[in-house]
Amino acid sequence: MLLLAMDTATPAVTVALHDGDRLVAESGQIDARRHGELLLPAVDRVLQRAGLELDTVTGIVVGVGPGPYTGLRVGLVTAATFASALGVPVHGVCTLDGLAYASGIDEPFVVATDARRKEVYWARYDDRRTRVGDPAVDRPADIAERVAGLPAVGAGARLYGEFFADARDPEHQSAGALAALAAERLAAGEALLEPRPLYLRRPDAQVPKNYKVVTPR
């Protein structure tokens, strides 16, 4: 098994190779505006560090969000393209699950990432492997009672510390953790997610309501 993992659902543009037992190589950069520019060079970088060729990859793992429309689709489209070209499966994993797994926390806690618009993408977990319910997007003040007293990881927890008092690492996503979680689930025979985007809300860019259609005379 050699999994190529990537996630662009957050400002972290992160790529990793995992052989099913250990992390082989990883690369990550934090830049919320350059996902498309940074992702392919990151893939090249981890392959070079591992001394491997792309055609040795046996599966693709991709973070499906939740995340903003523009960044998230970069990773999903790239993953689908690699999978098609190599003839290998592509496995989706919730981005929040990757952060939860990386935390190493084995008590109830919260993962919260920055959703912009003064909101967070978030979910509760019983432990690093077990999410409680589906991810959601809310204003931190609106979920304050539900997350009070719980440890919290992710950039959203850092950004809104008045509501997430016990903020812990990691702050940013790691494709290495995402790949390790996927490898663990695959080895256990668990079904992973379809590589479809988990947006939770409409994209920022929309056609104006009073759009005027101009046709030739």
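## Strands E7 and E8

Strand E7 and strand E8 (residues 130-138) pair in the antiparallel sense over 6 bridges; two strands count as paired if DSSP finds at least two bridges between them. Strands (E, at least two residues) and helices (H or I, at least four) are DSSP runs, numbered from the N terminus. Val-120 has Asp-138 in E8 as its bridge partner, and 2 residues link E7 to E8 in a hairpin.

## Model and conventions

The model is predicted: local features need pLDDT of at least 70 and side-chain atom pairs count only at pLDDT 80 or more, whereas totals for chains, interfaces and linings use all residues. Residues are numbered from 1 along each chain as its sequence is written, and side-chain values use heavy atoms, with hydrogens and water left out.

Strand E6 (residues 109-116) and strand E7 (residues 119-127) run antiparallel and are joined by 7 bridges.

Axes here are lines fitted to C-alpha atoms, for helices over the stretch in contact, and angles between N-to-C directions run from 0 to 180 degrees.

Contact means heavy atoms within 4.5 Å. H3 is mostly covered, with 8 of its 9 residues buried. Buried means under 20% relative accessible area, exposed over 50% and partly exposed in between, for a 1.4 Å probe and protein chains only. The buried residues are Thr-95, Leu-96, Asp-97, Gly-98, Leu-99, Ala-100, Tyr-101 and Ser-103. Just after H3, Gly-104 takes a positive phi of about 75°.

The axes of helix H3 (residues 95-103) and helix H6 (residues 175-187) come within 8 Å and cross at roughly 95°. H3 and H6 are therefore roughly perpendicular to each other; that class covers 65 to 115 degrees, with under 35 counted as roughly parallel, over 145 as roughly antiparallel and the rest as oblique. On the H3 side the contact is made by Asp-97, Gly-98, Tyr-101 and Ala-102, and on the H6 side by Ala-177, Leu-178, Ala-180, Leu-181, Glu-184 and Arg-185. The residues of this contact of H3 with H6 divide into 6 nonpolar, 1 polar and 3 charged. Ala, Val, Leu, Ile, Met, Phe, Trp, Tyr, Cys and Pro count as nonpolar, Asp, Glu, Lys and Arg as charged, and the others, Gly among them, as polar.

Strand E1 (residues 3-7) and E2 run antiparallel and are joined by 5 bridges. Leu-4 stands opposite Leu-17 in E2, and the hairpin of E1 and E2 has 4 residues between the strands. E2 also pairs with strand E3 (residues 23-30), in the antiparallel sense over 7 bridges. Ala-16 has Glu-26 in E3 as its bridge partner. The hairpin of E2 and E3 likewise has 4 residues between its strands, and Gly-20 in the turn has a positive phi of about 95°.

All 7 of the 7 residues of strand E2 (residues 12-18) are buried, so E2 is largely enclosed by the rest of the structure. Both faces are covered: Ala-12, Thr-14, Ala-16 and His-18 are buried on one side, and Val-13, Val-15 and Leu-17 on the other.

Thr-8 is found in the loop between E1 and E2 and is buried, with a relative accessible area of 1%. Not counting residues up to four places away in sequence, Thr-8 touches Val-13, His-35, Leu-39, Gly-71, Leu-72, Val-74 and Gly-75.

The axes of helix H1 (residues 35-50) and helix H2 (residues 69-86) come within 9 Å and cross at roughly 40°. His-35, Gly-36, Leu-39, Leu-40 and Val-43 of H1 meet Gly-71, Val-74, Gly-75, Thr-78 and Phe-82 of H2. This contact of H1 with H2 has 5 nonpolar, 5 polar and no charged residues.
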